[in-house]
Amino acid sequence: MVRTNKIIGLTIILASTLFFTSCEKEFDAPPIKENTIGDIITIADLKAKRVANNNVDLKITEDLSLYAVVTMDELTGNLFKESYIQDATGAINVRLTSAGGLYQGDSIRISLKGPVITEFSQMMQLDSVDVDDNIFKQATQKDRTPELVSSVSAITPFSGHQSKLIRLENVQFVAAELPGTYAVGATQTTENHFLEDAASTASPIIVRTSGFANFADDSLPTLNGSIIAIVSQFNNDMQLLIRNPNEVNFVNPRTGPCVGIATTKDFTDANVTSGGWTTQNVSGSINWATGGTSNLYGVITNTSSQLVGETWYISPAIDFSTSSCPSFDFRSATFAGNTALELYVSSNYDGVSLPTTATWVQLFPTLSSGGWSWANSGSMDLSAYQQAGVYVAFKYTGSSSAWNTWEVDDLKITK
Amino acid sequence: MRILNIISVALILMAVPAIAQTDSSATINNDSTLNTKVVPTFTTSLDLLEEETESQDVSGLLQSSKDVFTNIAGFNFGAARYRVRGYDSENYTVMMNGITLNNPEGGRAIWAFWGGLNDITRYQNSKSGINASSQTFGGIGGFSNINARATAVRKGTKISYAAANRSYKHRVMVTHSTGMMENGFAVAISASGRYSGEGYVEGTFYRGASYFISLEKKLNDRHSLGLVGFGAPTVQGRRSISTQETYDLTGDNYYNNYWGFQNGEKRNSRVRNNHKPHLMLNHYFDINKKTKLTSSVYYIFGRGGSTRLNWHDAKDPRPDYYKNLPSFYNDPGNEAIFDQTTTAWQSNDPTVTQLDWDQMYFANSKNLFTQTNVDGVIGNDLTGNRAKYVVEEQRQDISHYGFNASLTHKLKENMMLSGGATISIYKSENFKEMNDLLGADFWVDVDQFAERDFADESVAQSDVNNPNRIIKVGDRFGYDYDININTYRGFGQVEGTSKKIDWFVGLSLTSTNFWRTGNMKNGLFPDNSEGDSETQSFFNYGIKGGLVYKITGRHLLRVNSAYITRAPFSRTAFISPRTRDQIVPNLESEKIMSGDFSYIVRYPKVKTRATAFYTSIKDKTWSRSFYHDDLNSFINYVMTGVDQLFVGVEFGAEINITSEIIATAAFATGEFVYDSRPTVSIIQDNSTELLENNKTVYFKNYKIGGIPQTAASIGLQYRSPKYWFVGANFNYFTDIYLDANPDRRTAEVVANLVTTDPQVGQILDQTKLDDDYTLNLFAGKSWRIKNKYYIRFNINVNNVLDNTDFKTGGFEQLRYDAADIDKFPPKIGYMLGRTYFAMVSFSF
């Protein structure tokens, strides 16, 4: 019996040993290249290769690898069949053989065998890159932090910023660009707009946006703030490419000469109340009308009958909360100087009730001194009203002692 | 003895147990066909999947085995797709009355052809592994011989009803056997019906009938004649397997995309409809006291069919087509459509997650089309609604007849000589038949892919002899060819027995000839599609031998070995038999070498077996057709020199702890791997252009997928002397791998990669599925009334814990995109949750 048990035990052990020694074989694998130090190059090395090639375009035939992070992709449509990549040594524009498949933040290895290192109008490019064949993603969402550049003027053809992801602070679009849009989506027209340092008057830099970008028709922000962009170059022009409009973070008041978006009521539609303007008869029934033939204007008169009454002409609610230099101006004309027309501003009017329910502060514009000559009011500074729900209003008072007629035009609210 | 018990119990704790089948009629009657039908199968191509789902599960063959290990494995491992020693079922020989029933085209026996005849098929003699047999040389996996002689069926009548919730829900069966009557006749008949309106998996259904008749006439003391006829017409709506994404989206691991609603009713697009009657005439001749001769003629014929959707100039109607799934849009910028598609899937909107039959009818109802030059007659135009979508039935109708003889002769008291000869003449007709035009008026018999690729209109014709043929329901179309296989086989065996040693040696010689006959002249291949192909001839041999050394009568050592060459199966030999007669280049016979060593203990109360085995199968051919993204073509992928290795151990034990309590254990583990670097040729399907040649697949040591390579079971049962029993088995499975796509393991795919790239692992690594377990319960009771009536009740419940997360296997799709390996994710199948089979029978 004991012998038998031994046999059982031995058999099991023998069988198990036989099996387990044959166990855990390595999976077969096709030969795969192992990168050694010399097989990996940097973006700086890559650029140097073309320099070493007497600045002649160079198709890479060696089995080299380059590791980098994608800093800009095609998702917003500002790029098409291209991308930007960056590593510790620099950045370069990558031209793809087909669109798609590469996303911002992708950490990639580029197999360089096949692509061409080239230059287009001073812009270094890695051309003919096939996302399927040449690019091997190592990880995703490895976004690079943009490099903070001190000023617009620090970006020059020689500053080494080409193709890099940068961040500028305290910048704004130059006044002449405003109002405007990044590009024209309807006609798919690419546009350049100048961006300046608020603090300096040095030459501004171009912000270039494709008409295919999904934010082409977005308005250019009027304020001042920070921007994240890729630095591109066209000959001697440095250009910024916006990845996404949400990286243009202009929230501070502009500096320098005030520019704002103006909304002007010029009465050419022969309509007193268009554009949100309203009239309120506090007393009497003197009403605003339009007048003129070629250049229409708004007019109010108590007529030769010298009617008595108080009539207000009130703007739509104005949101000045993001305005850098809120103001109001207009021009006026009258027969002879009088005080029947007054200008007020309120921040607590409700837009529908009688104006007497709100608090109004009088403003003192330059008014026509008579002879029907038009007088510019001058800019009424409303910077004390940087908030929403602001109203400006003309108050006309008709008295039985005088026949006063006032004409107003080009009522311009500037945010 | 007690020490031995203790040791054995210890072994069980390490390993696993079984059901003693001392009285097979009283114990659980696990319906093998049922297992076969329900169990999902996984192979790397749809064609194979088609075949394998109807092929026999090894468990069916093993459940009647007397061997402790195979018995437990048969009952408990089948649902997890376990295959004994990892072997494909082509390595098992299934016979009835000595006639081999394995299909000559693919080598597998298709259990479904005698499904529902459990009262008959239980009378089988099964052995696993290399064995002596007086009736066949057999394969390395073993053999099973169903004894269908009328006198073999137990005399009496048995009526049973079974309720289940697997592929069918109801089964009735009636069997009657007269035994040998005074007039020298014996008659056994059996009939059954199986039915479900909807099976366990949504959209599946089952309607099957089975009939069997066996007559035997004893002519005189030396001669008996037997006639057997049976068949099992079965119609079955099938289930799909799909990607994990679809299971996650629908929240259903049994998501079946084969069905959809038509007028509010579920309709399955994949319906199998088989009926292959078998007829055999046997002559039993006792030449003298020492010599017996059994000779038979047989004829097998009938239809095999499986429907599927086809479409022309229309969008892919399959809900799980990759472009219809959210993952196709899972890229930045496509968030909106991704969310929309995801929501549609998650809401389980049947027009999204299932086939949309109404939409297909609608599309067909308004596709007015004028087919010009019908049948090639200029000016013969036909205008009507041309079908965009149809249901076609792919048919394989067979006609198989042959002669079989086996002789046994007692050389001495302890030495037996046996031998046999077989002639098998097999022909299958392979074609498509139009099943349903879905409301349209006609279908035109052209190949839409060829139509797209070639300007010459004749190229797209399925049959140049009948150009622009109009197809109506019932017409053959698409392809039509015959496979002819003539096999001549002889074997001889000598076995001897002595006090200490039993032994056997056997030799087999086989001649195989096969050829294709094309019945259509395909427009793509007008010169090699019609008529007879060259005949492929193979001459093969096998030798086997075995030795049992009896240490004592209770302790045995057994060693077996075999070397067999096997002709390649015609199924893999033709590269694309539907269109042409091209043969795989350098077609070779497979070489099989196998050996095992066992230690067997047989006490009345303790039975154990421990076996170590080693099998190598060399020079297999593997061919599939699929769309190759890198080559932008539908291609034929032919891999030769595929070697496989099967090394492992098995252990089984059955211990009667008391006379009423029996403990069982089984444990098997192995390394079932590819053992070579096969060579690949890639051929453009519609031009035979050799796109790639002599490409190496780095496949060595990749696991053979879709099966657990390690399985263990422990069980306990109580058998009351009062004729009832109850038992349970706990089963554990591990080392389950997805079947690997060979083309992903080539140098070309990783050409631009370096070792540190994460893509290397994503492309090359083989996916291992999670370990999992099941608990099965069974119970039964029998009553004897008036000494002549028996009522028996038994039930078994599989997967009692309702584990619905058990991934039993799957395969990597052959279509792949190396740059985005998740684009075509693997297809995965889950084991069914809790299922039961309960039967009550009445016999007298």
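1. Contact, as the word is used throughout this note, means heavy atoms within 4.5 Å. Leaving out residues up to four places away in sequence, B:Tyr637 touches B:Trp622, B:Ser623, B:Arg624, B:Phe626, B:Val680, B:Ser681, B:Ile682, B:Val697, B:Pro742, B:Asp743 and B:Thr746.

2. This is a predicted model, in which local features need pLDDT of at least 70 and side-chain atom pairs count only at pLDDT 80 or more, while totals for chains, interfaces and linings use all residues. Residues are numbered from 1 along each chain as its sequence is written, chains are lettered from A in the order in which they are written, and side-chain values use heavy atoms, with hydrogens and water left out.

3. A nonpolar core is a set of buried Ala, Val, Leu, Ile, Met, Phe, Trp, Tyr and Cys residues joined through side-chain atoms within 4.5 Å, where buried means under 20% relative accessible area, exposed over 50% and partly exposed in between (1.4 Å probe, protein chains only). The largest such core has 69 residues, and B:Tyr82, B:Tyr637 and B:Met639 touch the most other members. Strand S31 of chain B, residues 633–656, gives the most to this core, with five residues. A second, separate core of 40 residues includes B:Met96, B:Ala186, B:Tyr479 and B:Val638. In soluble globular proteins, nonpolar side chains tend to be buried together.

4. For chain B as a whole, there are 13 helices and 42 strands, counted as DSSP runs numbered from the N terminus (helices H or I, at least four residues; strands E, at least two). Its radius of gyration is 28 Å, which agrees with the value near 28 Å for a compact globule of 844 residues; the radius is taken over C-alpha atoms, and the globule rule is 2.2 Å times the number of residues to the power 0.38. Of the 844 residues of chain B, 61% count as buried, and its C-alpha atoms fill a box of roughly 80 × 55 × 55 Å along the principal axes.

5. Chain A, by contrast in its topic, has three helices and 28 strands. Its radius of gyration is 35 Å, well over the 22 Å that the globule rule gives for 415 residues, so chain A is more spread out than a compact globule. The C-alpha atoms of chain A fill a box of roughly 135 × 75 × 35 Å, taken along the principal axes, and 48% of its 415 residues count as buried.

6. In strand S17 of chain A (residues 262–265) one finds A:Lys265, which counts as buried because its relative accessibility is 7%. Apart from neighbours within four places in sequence, A:Lys265 is in contact with A:Asn271, A:Val272, A:Ser274, A:Trp277, A:Tyr313, A:Asp409, A:Asp410 and A:Leu411. One of these, A:Asp410, lies in strand S28 (residues 405–414) and has a positive phi of about 50° although it is not a glycine; at 28% relative accessibility, A:Asp410 counts as partly exposed.

7. Two further backbone details deserve a reader's attention. B:Thr688, also not a glycine, has a positive phi of about 60° and is found in the loop between strand S33 (679–684) and strand S34 (690–696) of chain B. In chain A, a cis peptide bond with omega of about -5° joins A:Leu178 and A:Pro179, and A:Pro179 is found in the loop between strand S11 (165–173) and strand S12 (191–197).
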